[in-house]
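Here's a quick briefing to read with the model open beside you. Take it topic by topic and find each part as you go.

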Amino acid sequence: MTITRLLAAASLLACSAGALAQSQETRPVTITVDAARTDGKLPPVWRFFGADEPNYATMKDGRKLLTDLGELRRGDVYFRAHNLMSTGDGTSAFKWGSTNIYTETRDGKPVYNWAIADGIIDTYLARGIRPYLQLGFMPEALAKVPEGMQYQHSWRPGFDYKLIATGWSYPPKDYGKWEELVYQWTRHNVERYGRAEVERWYFEVWNEANFPTYWNGTPEEFYKLHDHAIAGVRRALPNARVGGPDVAGPGGTFMDGFLKHVSSGKNYATGQTGTPTDFLSFHAKGKPTFVDGHVRMGIATHLREVDGGFTKVLSIQSLAAKPVVIGESDPEGCAACPGPQNAYRNGTMYSSYTAASFARIWELAAKRRVNLEGVVSWSFEFEDQPWFAGYRQLSTNGVDLPVLNVFRLFAKLGEDKLAVRNTAQVPLETLMSSGVQGQADVGSIATRTADGKVAVLLWHYHDDDVAGPDAQVRLALDGLRGVPAAATVWRVDGEHANAFTAWKKMGSPQSPNQDQYKQLEAASQMKSEAVAVTRAAGGAGLDLRVPRQGVALVVLDAR
């Protein structure tokens with residue numbers, strides 16, 4: 001039996017158990033929103049996405065998914081991709097891509113070729129997405145590759161992850177040529193897309209240089225690489241938004257050295273003190289496991305890495321107020337890696353985890369007073385792979401997974417938070433220490449939208465992918481200026497906005513016909529419903545049932 005069918009079978013059992021659980025006694029939950037009292041801001045940090053494989057962007061399902069992402073917040077969604085400077089013909093593979101942006105003549109003169117890179121960026125911009133432009137990896141003609149080592153890796157799912165670290169991961173033989181390449185590419189982008197457009201992009205150098213899989217050089221060699229790249233960008237575009245270093249996790253001593261270097265060290269490219277830094281970035285991942293026949297998520301590990309990264313960026317006073325982007329933020333570390341611990345990806349485990357983890361990242365940023373600007377979900381799609389193959393992605397063969405609908409719910413939230421009291425939301429400190437191992441986390445975020453509506457996000461999350469009672473939520477709203485007869489509700493759960501459930505009911509076909517494909521597309525889409533609102537003195541209330549691992553959004557036109 002294939003991994004895909006094993007995952008489908010396991011999920012079908014979980015679905016059956018979940019249906020049984022619905023007949024069990026529900027858990028009562030009371031959530032009270034004070035619509036008259038604001039409680040800080042909720043910046044739209046969710047609007048960042050990324051992937052190892054840049055060339056998927058121009059393929060059929062990649063283009064379709066980018067269109068969906070761009071519609072979340074047109075012109076304000078960003079995409080980060082590896083391998084934008086790698087040498088090759090533009091053919092994607094797992095954890096690989098290329099643009100052939102730089103080659104050399106036999107006598108060592110540079111040859112620049114922007115065609116493939118232009119096609120990728122053109123595809124982004126046409127769909128309302130802007131680049132979070134990663135300057136990497138090292139072109140073959142520049143890479144200081146050990147004799148006998150191949151340049152491009154041949155990794156595939158199931159192989160040792162260390163096999164990825166081939167020639168592309170080495171420092172340049174000539175830092176001057178490296179800087180000139182970055183300068184020429186930036187100048188070309190300004191000429192092609194316009195100065196005002198490119199000034200809205202993010203520019204960062206490399207990926208996880210504290211991790212030997214991605215950087216086979218010393219920390220000092222990376223600082224030098226970074227300095228020359230930033231100098232090249234700023235020479236072509238003085239107001240470019242530049243930063244980094246997108247380290248793995250909080251970054252340890254590597255991050256300490258980087259922060260000291262860019263704030264007070266000698267710049268390798270200019271000889272001046274420090275390196276221009278407009279934003280700081282690090283990565284944070286969870287750690288799911290497979291225990292007692294089911295997946296147990298590692299949200300505590302994820303949040304501790306977030307907090308560790310925040311602590312690092314706050315450690316240098318001159319940098320502490322800089323915007324922060326969590327350059328990759330995910331339930332675990334490898335989107336293309338299979339395994340039973342990753343069986344959360346197709347269904348509602350991923351979507352409820354996304355709601356619960358983003359809520360706590362927002363909360364942590366406010367607690368630490370971090371200027372959080374973005375959180376990159378390292379999840380895109382894998383072109384022409386089996387249906388629901390268990391990769392960490394937002395769609396499969398062009399059909400949206402439930403997790404993508406959570407980002408659609410995020411997009412409906414406002415940026416003004418409202419005060420909330422909740423009897424069932426697990427405290428942040430508990431999640432960071434032990435995750436959600438006891439009572440489920442029935443959480444909430446309430447906001448006032450730009451057009452005056454009240455939008456309340458609800459989730460019912462547990463680390464363990466096992467059945468449990470539904471949450472019977474009583475949502476009370478105080479301080480309303482007007483009370484509508486009904487609220488609009490969107491749901492993402494086992495039976496709503498869930499193509500995975502529909503596919504299993506079809507018999508898990510690996511070659512759906514055109515009618516089945518339309519059914520899967522329809523099943524993936526969120527549909528609104530009206531829920532009656534009861535009036536009360538000074539406010540209103542409504543009742544909502546939220547199943548385990550479900551997410552819902554309630555919107556009231558209460559202006």
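**Cavities, a pocket, a sheet and a disulfide**

Helix H9 gives the most to the lining of the largest cavity, with 5 residues. Keep in mind that this is a predicted model, where local features need pLDDT of at least 70 and side-chain atom pairs count only at pLDDT 80 or more, while totals for chains, interfaces and linings use all residues. Residues are numbered from 1 along each chain as its sequence is written, and side-chain values use heavy atoms, with hydrogens and water left out.

**Enclosed spaces**

- The model holds 4 cavities of 30 Å³ or more; a cavity is a set of points, on a 1 Å grid over the protein atoms alone, where a 1.4 Å probe fits but cannot get out, and lining residues have an atom within 4 Å of a point.
- The largest cavity has about 70 Å³ of space, and 14 residues line it, with Ser-329, Tyr-350, Thr-354, Phe-358 and Ser-377 the closest to its centre.
- Volumes here are the space filled by probe spheres set on the points, which are joined across faces, edges and corners.
- Strand S12 (324–330), helix H9 (348–368) and helix H10 (402–412) each bring at least two residues to the lining of the largest cavity; helices (H or I, at least four residues) and strands (E, at least two) are DSSP runs, numbered from the N terminus.
- That lining splits into 7 nonpolar, 6 polar and 1 charged residues, where Ala, Val, Leu, Ile, Met, Phe, Trp, Tyr, Cys and Pro count as nonpolar, Asp, Glu, Lys and Arg as charged, and the others, Gly among them, as polar.
- The second largest cavity comes in at about 50 Å³, and its lining includes Asp-52, His-82, Trp-96 and Tyr-214.

**An open pocket**

- The second largest pocket holds about 570 Å³ of space; a pocket is an open set with protein on both sides within 12 Å along at least five of seven lines.
- Its lining has 25 residues, and Asp-39, Ala-359, Glu-363, Lys-417 and Gln-425 lie nearest the centre.
- S1, H9, S16 and S17 each give two or more residues to this lining, and H9 has the largest share, 6 residues.
- By class, the pocket lining has 15 nonpolar, 4 polar and 6 charged residues.

**The sheet**

- S1 (residues 27–41) runs parallel to S19 (residues 471–478), joined by 8 bridges, and Pro-28 sits opposite Gln-472 in S19.
- S1 also runs antiparallel to S16 (residues 416–422), with 6 bridges, and here Val-33 is opposite Val-420.
- S17 (residues 441–448) and S18 (residues 454–461) pair antiparallel over 8 bridges, with Leu-457 in S18 as the bridge partner of Ile-445.

**The disulfide**

- There is 1 disulfide in the structure, a disulfide being a pair of cysteine sulfur atoms within 2.5 Å.
- Cys-334 and Cys-337 form it, with their sulfur atoms 2.0 Å apart, and the link is right-handed, with 75° about the S-S bond.
- Are these cysteines buried or exposed? Cys-334 counts as buried because its relative accessibility is 8%, and Cys-337 is buried too, at 17% (buried means under 20% relative accessible area, exposed over 50%, partly exposed in between, with a 1.4 Å probe and protein chains only).

Definitions and conventions: Two strands pair if DSSP finds at least two bridges between them.
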